Amino acid sequence: ISLDYQRLDDLTRRLLPEIESINHSTVEEIFSCSPIVDGMLLSQIKQPESYKTLQRYEVLSSHDHPICLDTLKIAWQKVISRQPALRTVFIAGLDGSTAFYQALLKECSGDVIVVEAKTEEEALKAFSSLPKVDYQQAKPPHRLTLCQTPDDKVFCQIEMSHAITDGASSSILIKDLINAYGDNLSSTDLVKTTREFASHLLAKPQSQKISYWNTKLKGLEPCRFPSLSSMSREKHECSSEIGVFVEDKMFAQIQDFCSINQVTPASLLKSAWALTLSTYVQNQSVCFGYLASGRDLPIAGMDESVGAYTNIMVCRADLDGQQPGVALVRQLQDQLMQDLSFQHISLASIQHELGLASDQQLFNSIVSFQRSGDDNEQSAEEGKLRFKNIDGLDPTEVSGVLSMRVYTSGLMFL
């Protein structure tokens with residue numbers, strides 16, 4: 001960050017002492033937030049319930065030994081000490097280059113709650129009855145809740161602001177927690193990773209990113225997939241999932257098509273959605289969002305870091321009705337490769353530059369692609385614990401998400 005003497009004085013005399021007093025710790029470093037995080041934090045100010053994530057698990061022993069709740073709490077604290085995102089406090093930016101700074105605490109005591117229950121049903125009800133986490137306070141935005149029933153079943157709930165996590169972070173976090181419980185946590189310096197990522201964001205001027213997206217999306221009209229249900233739901237409520245599993249012959253055909261034509265299943269999915277979207281909105285020029293991991297950078301530790309790296313980018317497809325299917329797939333795949341150089345920019349900034357009002361959306365559908373294991377559990381090699389997914393909550397401002405999950409035995413469309 002770059003501050004004049006007056007703003008530096010404000011930071012050191014007012015903001016930092018306040019943070020350190022609240023958290024009983026010292027601030028180790030301060031970085032500018034990424035545009036993606038800026039956008040989420042601004043949304044949370046307007047709508048406090050947006051970008052709150054929640055995951056629930058049953059914690060299982062891998063060696064038939066009862067799980068020690070105290071050891072699990074200590075393991076969580078070790079993970080906090082390892083992951084800079086879990087020691088992050090967000091404060092208002094002072095230099096005009098970013099809306100928020102992330103202040104990294106040297107030490108942080110996690111917010112951990114233990115509730116009592118006799119059954120899994122009672123445990124989940126107890127989780128739901130907890131007061132909501134206030135992510136506007138000057139503390140790291142996360143909370144862990146644990147419960148151990150009389151028959152030694154253990155359940156946990158992890159709540160986090162999306163400003164410090166993304167889809168990939170969930171599995172990284174659980175892997176770290178398992179390794180910490182077994183006293184086998186990695187020693188990679190993730191503070192250095194955070195520092196280098198913050199520096200990378202400054203390597204390309206924001207004006208270049210804006211120019212790229214303005215050129216790409218010029219003349220494009222908002223593209224909204226119509227509601228196919230008379231049932232209404234709250235804007236930030238997660239929709240129910242409807243899944244279609246593709247296996248055997250059709251799964252093999254998809255794999256063969258991608259291999260022969262040297263395209264990815266993700267590009268195939270985007271092409272299929274572009275054609276579907278065009279039919280429903282009656283327009284040959286369509287757009288929708290897609291997720292980019294944000295981790296494809298030459299920075300050590302990115303694959304081990306919890307953080308909000310994933311970003312929503314915009315896919316544009318101009319269909320003329322004469323284009324062969326494989327040409328469309330390749331075109332969208334090439335578009336992705338171009339987009340990656342300009343990915344670290346918020347969707348809100350893009351929409352603002354296109355002249356859309358703050359309550360308007362350029363699109364209301366997102367395509368997501370992910371690889372998954374064939375079961376519903378997460379574990380680590382030689383780990384003493386396994387985490388079985390129960391349910392979760394990931395509110396979004398976009399109403400429709402088409403997800404392709406690739407398993408070893410087939411595809412699941414959600």
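I took helices (H or I, at least four residues) and strands (E, at least two) as DSSP runs, numbered from the N terminus. The model is predicted, so I kept local features only at pLDDT of at least 70 and side-chain atom pairs only at pLDDT 80 or more, while totals for chains, interfaces and linings use all residues. Residues are numbered from 1 along each chain as its sequence is written, and side-chain values use heavy atoms, with hydrogens and water left out.

Entry 1, the cavity. I counted as a cavity a set of points, on a 1 Å grid over the protein atoms alone, where a 1.4 Å probe fits but cannot get out; lining residues have an atom within 4 Å of a point. Grid points are joined across faces, edges and corners, and a volume is the space filled by probe spheres set on the points. I found one cavity of 30 Å³ or more. The largest cavity holds about 250 Å³. I listed 21 residues in its lining, with Gln102, Thr194, Gly307, Ala308 and Tyr309 nearest the centre. Which element gives the most to this lining? Helix H6 does, with five residues. Strand S3 (88-92) and H6 (190-201) each supply at least two.

I then sorted the lining by type. Ala, Val, Leu, Ile, Met, Phe, Trp, Tyr, Cys and Pro count as nonpolar, Asp, Glu, Lys and Arg as charged, and the others, Gly among them, as polar. The lining has 14 nonpolar residues, seven polar and no charged.

I noted aspartate 183, a non-glycine with phi near 55 degrees. This residue sits in the loop between helix H5 (167-181) and H6. Is aspartate 183 buried or exposed? I use buried for under 20% relative accessible area, exposed for over 50%, and partly exposed in between (1.4 Å probe, protein chains only). Aspartate 183 is exposed, at 63%.

Glutamine 262 also has a positive phi, about 55 degrees, and is not a glycine. I placed it in the loop between helix H8 (248-261) and helix H9 (265-281). Glutamine 262 counts as exposed, at 69% relative accessibility.

I looked up its buried residues: Leu328, Val329, Leu332, Gln333, Gln335 and Asp339. They lie on the same side of H10, because their arc (directions from the helix axis to the C-beta atoms) is only 155 degrees. They pack against helix H7 (206-217), H9, strand S9 (285-292) and strand S10 (311-318), with contact meaning heavy atoms within 4.5 Å.

Technical notes:
1 Å grid on protein atoms, 1.4 Å probe; cavity = no way out; pocket = protein on both sides within 12 Å on 5 of 7 lines; lining within 4 Å.
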